[in-house]
Amino acid sequence: MTASSDLDALEARLSADIEAAQDLAALDALRVGALGKKGEVSLKMRELGKMSPEERQVMGPALNGLKDRLNTLLEARKATLEDAAMNAALASESVDVTRPVKREAQGSLHPVAQVMEELAVIFADMGFAVAEGPDVEDDFHNFTALNFPEDHPARDTHDTFFMKADDGETPKVLRTHTSPVQIRTMLNSKPPIRIIAPGRVYRCDWDQTHTPMFHQVEGLVIDKETHMGHLKGCLMDFVAAFFETDKVEARFRPHHFPFTEPSAEMDVRYERVGDAVKVGSGDQWMEILGCGMVHPNVIKSCGLDPDEYQGFAFGMGVDRLAMLKYGMPDLRPFFEPDTRWLSHYGFSPLLQANLATGLS
Ligand code: 2U9
């Protein structure tokens, strides 16, 4: 029959073995050897049935206590070994994410994504933040706040994609320009404001040079003393940076937009080099973007006082900029899943555009 002193010796031996276990497998073997079905402690518990009630009263609690203490020791040792295993893995399997990748990346950026990146880098350098907004807009943000009269042709279903309206609601539209993003920014933040709004826009138009979805970037500056000189300087700097030239010759032709007054289109001097354009030389003029001073009605619609605040805005088509800069004669492949075209014109996702080492 087991005596209390035998149990003390058993506990001392098993406890020492548990403390000395060097890995999780050895620890589990000890657990099975002590507390498993045929383990040393379990076998002793089976002997309880053969004991006198007096003996059982002593040995029962003693064995249960031993079992509990061994379980506690096993858990603690397990936690220590797991921590050690984790630390060893972290030390030997650590990844330095700042190291260059070993293999050449397989994917490439779509030219539109590349140009979007370039535009963000150029305007960030001039202090512009990037703002975004929803593609599905309401009439107020897409038209009314931008000073479009009720009968303006852009509000026509021929030009704009209207969504089916819920009962009693005015129909939502797919935004026809990114201008509603600037409206939302003006409504939600205080001047000075200096943002660009890049993104998808939608118009009912589908021919050789137009797609029903295309990409725009628009810019907006609102401050107390902003004038056309700022607009001109900003856009001249932009064209120089984008076409990577230090010689830009531009002319601003009067134009009309509901949301700017005065409004202009900016032309730049250029010559063709293959399918691409070289800006700054040549004897031809090319329209590159639209711009103007923000109309006082637009400033008023956004809750600002036009006698206190003024600003300039501009807008351009990103797909067209990509075609001009990278010599792409045809718009259709932009929207086709042709990986050969992508790898021909695509850009490495690893070489991010930056002004220090070059945009592309
Ligand atoms: C606010 C106020 C003014 C954005 C502007 C243009 C001129 C423009 C076209 C260029 C080619 C669109 O992609 S395109 O068809 N855009 O010429 N956009 S000024 O003016 C704004 C915008 C927001 C609150």
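Let's start at glycine 127: this residue follows helix α5, and its phi is positive, near 95°. A word on the model. It is predicted, so local features need pLDDT of at least 70 and side-chain atom pairs count only at pLDDT 80 or more, while totals for chains, interfaces and linings use all residues. Residues are numbered from 1 along each chain as its sequence is written, and side-chain values use heavy atoms, leaving out hydrogens and water.

Helices (H or I, at least four residues) and strands (E, at least two) are DSSP runs, numbered from the N terminus.

Back to α5, residues 111–125.

Several α5 residues are buried, including Val112, Met116, Leu119 and Phe123. Buried means under 20% relative accessible area, exposed over 50%, partly exposed in between, with a 1.4 Å probe and protein chains only. The buried residues of α5 pack against several elements, among them β4, β5 and α8. Contact here means heavy atoms within 4.5 Å.

Next, a strand pair. β6 (250–257) and β7 (260–273) run antiparallel, joined by 7 bridges. Strands pair if DSSP finds at least two bridges between them. A hairpin of 2 residues links β6 to β7. Alanine 250 has valine 268 of β7 as its bridge partner.

Last, cysteines. How many disulfides are there? The count is 0, taking a disulfide as two cysteine sulfur atoms within 2.5 Å. For cysteine 302, the nearest cysteine sulfur belongs to cysteine 291, 19 Å away. Cysteine 302 is buried because its relative accessibility is 5%. Cysteine 204, at 29%, counts as partly exposed.
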